[in-house]
Amino acid sequence: MLLVHHILTLLLFCSVDNKRIPGNTGSIARTCAASAVGLHLVGPLGYKVDDTKLKRAGLDYWPYVVVKIHDSWDHFFDYFMKQEGDKRLLAFTKRGTQIHSDFSYRPGDWLVFGSETKGLPQQALEDCCREGLGGGTLRIPMVETYVRCLNLSVSVGIALYEAARQLNYEQLQYQPELPEEAQGLFPAEDIYA
């Protein structure tokens, strides 16, 4: 398993009724690989981790993503509380009180997303707003008269890269060691430029 420096961490709350999420999760995993950010999935997942849509969307980047699966929000929250250092839970929701790009991110932030159909459960929203643990609720501005929500993987990309930009892409300064079987798979220079 790759070591990821926990400058930023992504938490995706999955929903058993959301059958579209395997492809989103695969795309999100690819974004995590590209940005050196760990991915935590909170179940119930609603799909199997060997789902072909999940694997296809993540391409061959799965060896470069640190993924941890938690059975429930309570299990995740116990895990989160045991983590050392400064940390905050930041809930992304269309009803967020602050715009994501106006918010000041810090190292140790956990970006929390819900499913497209259900959003985040009430307990997760409350914990993200709890004093000393949460940084509150954030939203990505969008037209709301005829659009219910952005695609989940698009939302994750927008939020993750804004947070990384504010932190000067610090997480990218740590190049994880690749597993031996993965070394040499990718060119050292951009052959398409």
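Reader: What makes P44 count as buried, partly exposed or exposed?

Author: Please keep in mind throughout that this is a predicted model. The relative accessibility of P44 is 48%, and since the label "partly exposed" covers the range between under 20% for buried and over 50% for exposed, P44 counts as partly exposed. This residue belongs to the loop between β2 (38-42) and α2 (52-58). Its C-alpha atom lies 8.4 Å from that of H70, although 26 residues of sequence separate P44 and H70.

Reader: How many helices and strands does the protein chain have, and how do they run from the N terminus on?

Author: The protein chain holds 5 helices and 7 strands, and, starting at the N terminus, their order is β-α-β-α-β-α-β-β-β-α-β-α. Of its 193 residues, 44% count as buried, a label that requires a relative accessible area under 20%. Among the contacts in the chain with a separation of 6 or more, 77% are made by residues 24 or more positions apart.

Reader: Why are the buried residues of α3 said to be on the same side of that helix?

Author: The buried residues in α3 are W73, F76, F77 and F80. They cover an arc of only 100° around the axis, and therefore they lie on the same side of α3. On the face of α3 turned away from the buried side, the exposed residues D74 and K82 are found.

Reader: Which residues are buried in helix α4, and what do they pack against?

Author: In α4, which spans residues 122-129, the buried residues are A124, D127 and C128. Because they cover an arc of only 100° around the axis, they too are placed on the same side of their helix, α4. The buried residues of α4 pack against α3 (73-82), β4 (88-92), β6 (109-113) and β7 (134-139).

Reader: Why is E162 called buried?

Author: E162 has a relative accessibility of 12%, and because buried means under 20%, E162 counts as buried. This residue sits in helix α5, which covers residues 152-166. Leaving out residues up to four places away in sequence, E162 touches H100, S101 and Y105.

Reader: How do you know that the side chains of E162 and Q166 make a polar contact?

Author: The distance given for the contact between these two side chains, E162 and Q166, is 2.8 Å, and a polar contact calls for a pair of N or O atoms within 3.5 Å. The pair is accordingly listed as a polar contact.

Reader: Where is L172, and which residues is it in contact with beyond its neighbours within four places in sequence?

Author: L172 is in the segment after α5, and, with those neighbours left aside, L172 is in contact with A34, S35 and A36. The C-alpha atoms of L172 and A36 are separated by 6.1 Å, while the two residues are 136 residues apart along the chain. Because its relative accessibility is 30%, which falls between the limits of 20% and 50%, L172 counts as partly exposed.

Reader: What is the volume of the largest cavity, and which residues line it?

Author: The largest cavity has about 40 Å³ of volume, and its lining consists of K94, R139, I140, P141, M142 and E144. The structure holds 1 cavity of 30 Å³ or more. The largest pocket, for its part, contains about 610 Å³ of space. Its lining has 26 residues, of which T93, K94, S115, E116 and C149 lie nearest the centre, and β7 and α5 each supply at least two residues of that lining.

Note on methods:
Residues are numbered from 1 along each chain as its sequence is written. This is a predicted model: local features need pLDDT of at least 70, side-chain atom pairs count only at pLDDT 80 or more; totals for chains, interfaces and linings use all residues. Side-chain values use heavy atoms; hydrogens and water are left out. Buried means under 20% relative accessible area, exposed over 50%, partly exposed in between (1.4 Å probe, protein chains only). The arc is that of the directions from the helix axis to the C-beta atoms. Contact means heavy atoms within 4.5 Å. A polar contact is a pair of N or O atoms within 3.5 Å; within protein, one must be able to donate a hydrogen and the other to accept it, and residues adjacent in sequence count only if both atoms are side-chain atoms. On a 1 Å grid over the protein atoms alone, a cavity is a set of points where a 1.4 Å probe fits but cannot get out, and a pocket is an open set with protein on both sides within 12 Å along at least five of seven lines; lining residues have an atom within 4 Å of a point. Grid points are joined across faces, edges and corners, and a volume is the space filled by probe spheres set on the points.
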